[in-house]
Each structure stands twice: as C-alpha cells, then as structure tokens.
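Please look at the sequence and the structure below.

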Amino acid sequence: MGIGSIAALSPADEKAGEILRLRREIGRMQRRRSDDAVLPMHTALQGLLPEGGLQTGTTYSVSPSPSLIFALMSAVSQRGGWCAAVGMPTLGLEAAASFGIELSRLILVPSPGERWLAVVSALAEVVPLIAVSPGTRVRDADAARLAARLRDRGCTLLTTSPWPQSEGMITLHDPHWEGLGEGWGLLSDRTVTLTAQTRSTPRPQSLRVRLPGGLGGVEAAPAQMPAQTPASTQNLASTPNLATHPRWAVA
C-alpha cells in the first residue's frame, strides 16, 4: 500500500486499524484468567464493598471522577495487575502516578469514538480492570455479550454511564477542599463521601476519605468526619435495576 493510499483512508478505516493493532498487542500479553473472586482495593476503601473489593467478571457504574477511578485502580496496579481507561481523554498520567498506579501497566485509549465497545471487549481478554466512558448508549444485547466476556475472563468494568444489570454503583459526593483561608491559601486536599450500593448489599454503605489526599493519593479521613449518605440514595434499596437510577453530579 502506497503513501497515497494511506492518506486516503477514511476515519472509519483508521479506527478499524487501531482496533487491529490493539488486538495484536493484546495477543502478545496473553493474560491468564484469575481465579480470585474479588479485585483488591486500597485499605481506605475496603469498608465500602462486601469482601473488601470489586467482584471480578462484573460491571460497576461509578461517578465520572478521575480521582475515584484512579483510587479504584490503585491497589490492582500496585499488586502487578494491568489497568485500562477507554474514552477518557482528560485523565492525567501525573495524577495516575500520584495514586501509585504503575504507568507501564496502564493502557489509555482516549478517543475510541463509536468503537469503544470493541476496544473494551478486546482489552477484557488480558486486562483485569477497565474504566470506560461510553461514547454511545449501550444496547442490551451488546451489554449481554460483553457481560459474558467479562465473566469468562474475570475482568471487572467501571463505567461512568448507567449500565444494564450492573453489579452496583459507587458514587462520589459532598466534596470539601482544605487549605484555603479567608480568600487566601493553596488547596491541599479534598475530603469526599463515597457511597456504594450493590446487589448483595442494597442498603447504601458510605465512608469519608481524602481524595486526593495531601500526597495526591487516597487517604482515610479523620474519624471525626462521619460519612454522609445523600438523600437520593435512601430509596435505592427498592430499585430493582441499579442502572436505571440517575447518577449524582460530581465536580
């Protein structure tokens, strides 16, 4: 194929080429399926979910907060696992590193366009934890096929959009920044409330953490700062499908 032919490729052809290259790289990695029932989480987050981690082979809907996504990835990365982020062009590598994420095991696909589902499906073969901001609405049939892939490979998906038959929701709310005086000072850290609700624990569980903390990662908040469950979560126990509940806005 000549240079002229390459220049004439349509955007759709270029996207298809990216998918093929991604699949070739994935083929070289050849991850073995994990037998672990849960993926580890940072010690400051372990009280949020049953068994102290994310269930493998499932999908969680999460707030579209880069800090929350990095916090959920940090323990997996620190234990030698691969992580990936799809459709999130604003994620920063410096911020990822501050959460202890090993950048050599972090795959970023910032702008997959309408082929985000194919990218996630391919990555699920070898990456145990994937975060995605879907570029289009997922159809029930596509979600069911991807769910089967996730279960087969033991891959966990974090999505910033509502998802059919998700295992649960993890939301970030009530942020409070520290470090500012009366119109002066520098922002040092932020304390937030994280609330989780899963199929096995329909009653919302909340905790307060520093996200980011003074060193840029996730830290447990002081004991005198109780977790606050937002009023909008108090009726979630009666919601049959977690994915149908509206997401909270996050700064």
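**Helix H5 and the overall model**

Trp116, Leu117, Val119, Val120, Ser121, Ala122 and Leu123 are the buried residues of H5, where buried means under 20% relative accessible area with a 1.4 Å probe and protein chains only, exposed means over 50%, and partly exposed lies in between. This is a predicted model, in which local features need pLDDT of at least 70, side-chain atom pairs count only at pLDDT 80 or more, and totals for chains, interfaces and linings use all residues. Residues are numbered from 1 along each chain as its sequence is written, and side-chain values use heavy atoms, with hydrogens and water left out.

**Helix H5**

- Leu117 belongs to helix H5 and counts as buried because its relative accessibility is 19%.
- Leaving out residues up to four places away in sequence, Leu117 touches Asp142 and Leu146; contact means heavy atoms within 4.5 Å.
- Leu117 and Asp142 are 25 residues apart along the chain, and their C-alpha atoms are separated by 8.2 Å.

**Nonpolar cores**

- The largest nonpolar core has 36 residues, of which Leu54, Met73, Ile170, Leu194, Val209 and Leu211 touch the most other members; such a core is a set of buried Ala, Val, Leu, Ile, Met, Phe, Trp, Tyr and Cys residues joined through side-chain atoms within 4.5 Å.
- Helix H3 (66-78) and strand S8 (168-180) are among the elements that give two or more residues to this core, and H3 provides the largest share, 7 residues.
- Beyond its neighbours within four places in sequence, Ile170 has contacts that include Leu54, Tyr60, Leu72 and Ala196.
- A second, separate core has 21 residues, including Ala84, Ile107, Ala143 and Trp163.

**Cavities**

- The model has 2 cavities of 30 Å³ or more; a cavity is a set of points, on a 1 Å grid over the protein atoms alone, where a 1.4 Å probe fits but cannot get out.
- The largest cavity holds about 50 Å³ of space, and its lining residues, which have an atom within 4 Å of a point, include Val38, Glu51, Tyr60 and Ser200.

**Whole chain**

- The chain has 6 helices and 11 strands, which are DSSP runs: helices are H or I with at least four residues, strands are E with at least two, and both are numbered from the N terminus.
- Of the 251 residues of the chain, 46% count as buried.

How values were computed: On a 1 Å grid over the protein atoms alone, a cavity is a set of points where a 1.4 Å probe fits but cannot get out, and a pocket is an open set with protein on both sides within 12 Å along at least five of seven lines; lining residues have an atom within 4 Å of a point. Grid points are joined across faces, edges and corners, and a volume is the space filled by probe spheres set on the points.
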